[in-house]
Amino acid sequence: MGPDIALAATATRVAANTAESTKRRLRQRTQHNIERYAAAGPAAIDARLQELQREWDVERAIETEAPLMVLAGVALGAAVDRRFLGLSAFAAGMLLVHSLQGWYPLLPVFRRLGLRTTREIAEEIYALKDARGDFDAVLQAGDPIQRAELAYAAAAPR
Amino acid sequence: MFFMFSSTQQRVAEHSAAESNARLHEQARERIARSLRSGRVDARLAELDREWDTERTLQTNFALVTLASLALGAFVDRRWLLLTGAAAGFMLQHALQGWCPPLAVFRRRGYRDAGEIERERQALIAAYRR
């Protein structure tokens, strides 16, 4: 799907634009969560998986912040001085940079606040599902296609 | 404060037609079987990383509509700014609640959210996991 041109890969473009030290801290936190909830048993894993479904990721935060900037610029541009439309244009331009390439002016802030990408959240989700035994049947199946079928079913959000 | 909003991972599927969701899963399972049969799992995993998800598509769409309507509003007729405002309102609605007008179009054209793409990836990885 999408334009077939050489752009940053969707799933990894935010991580590619995040400082190594920040990524390391996020990874440590994810690893710590996995160990903590896996050790706490199935009920704790269930509750944690519910939480992870709701956790705000980087895209959702940007999709909230950017239109608020655009709206502020349009309101001020219409009511006060049309030069405020420049704020809207700047916000839209930065969002385009983010969607195409991954970077965003507020990305370092959001990342330091602990916002993760879908891929990073998924790492915790699938590790906890694994710890709960969701993939036990997958490992017992011999045929790769059958294994993938079972894994696809087991990967359903619950 | 986050509990008052819809689930991040589920909000796209919850605001898409059931047939669109079902077809996307059907196609994912067919593709998984096909990549395993042809033995091109690594290439498929790289493709999945590049696949444009609903968020990237909606963000690009919103940014372009905003820039175009701002230019028209500033230089042609300021009523075009209403389009800018509407687009921003819908982007916000998508972020907080999940739905927005272009979503149905993109879903029918096969765009998935990042969680759905990740699910196909996990299934492919599990096929050869020890």
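The crossing of helix 4 and helix 6 in chain B is right-handed. This is a predicted model, so everything I say is computed from it. Helix 4 of chain B covers residues 54-75 and helix 6 of chain B covers residues 101-108; their axes come within 11 Å and cross at roughly 130 degrees. The two helices are therefore oblique to each other.

On the helix 4 side, the contact is made by B:Thr54, B:Thr57, B:Leu58 and B:Asn61, and on the helix 6 side by B:Pro102, B:Leu103, B:Phe106 and B:Arg107. By type, the contact residues are four nonpolar, three polar and one charged.

Now the salt bridges. Over all chains, the count comes to 27. One of them pairs B:Arg29 with A:Glu149, at 3.4 Å from N to O. B:Arg29 sits in helix 2 of chain B and A:Glu149 in helix 9 of chain A, so this pair joins two chains. B:Arg29 is partly exposed, at 31% relative accessibility, and A:Glu149 is partly exposed too, at 33%.

Next, B:Glu47. Which arginine does B:Glu47 meet at 2.8 Å, N to O? That is B:Arg40, which is partly exposed at 36% relative accessibility. B:Glu47 also forms a salt bridge with B:Arg44, with the closest N and O atoms 2.6 Å apart. B:Glu47 and B:Arg44 are three residues apart in helix 3 of chain B, which means about one helical turn between them. B:Glu47 itself is partly exposed, at 30%, whereas B:Arg44 is buried, at 7%.

These residues belong to a network of salt bridges linking B:Arg31, B:Arg40, B:Arg44, B:Glu47, B:Glu51, B:Arg112 and B:Glu120.

Key
Residues are numbered from 1 along each chain as its sequence is written. Chains are lettered from A and ligands numbered from 1 in the order in which they are written. This is a predicted model: local features need pLDDT of at least 70, side-chain atom pairs count only at pLDDT 80 or more; totals for chains, interfaces and linings use all residues. Side-chain values use heavy atoms; hydrogens and water are left out. Axes are lines fitted to C-alpha atoms, for helices over the stretch in contact, and angles run from 0 to 180 degrees between N-to-C directions. Helices (H or I, at least four residues) and strands (E, at least two) are DSSP runs, numbered from the N terminus. Angles under 35 degrees count as roughly parallel, over 145 as roughly antiparallel, 65 to 115 as roughly perpendicular and the rest as oblique. A crossing is left-handed if the near helix is turned anticlockwise from the far one by less than a right angle, and right-handed if clockwise. Contact means heavy atoms within 4.5 Å. Ala, Val, Leu, Ile, Met, Phe, Trp, Tyr, Cys and Pro count as nonpolar, Asp, Glu, Lys and Arg as charged, and the others, Gly among them, as polar. A salt bridge is a side-chain nitrogen of Lys or Arg within 4 Å of a carboxyl oxygen of Asp or Glu. Buried means under 20% relative accessible area, exposed over 50%, partly exposed in between (1.4 Å probe, protein chains only).
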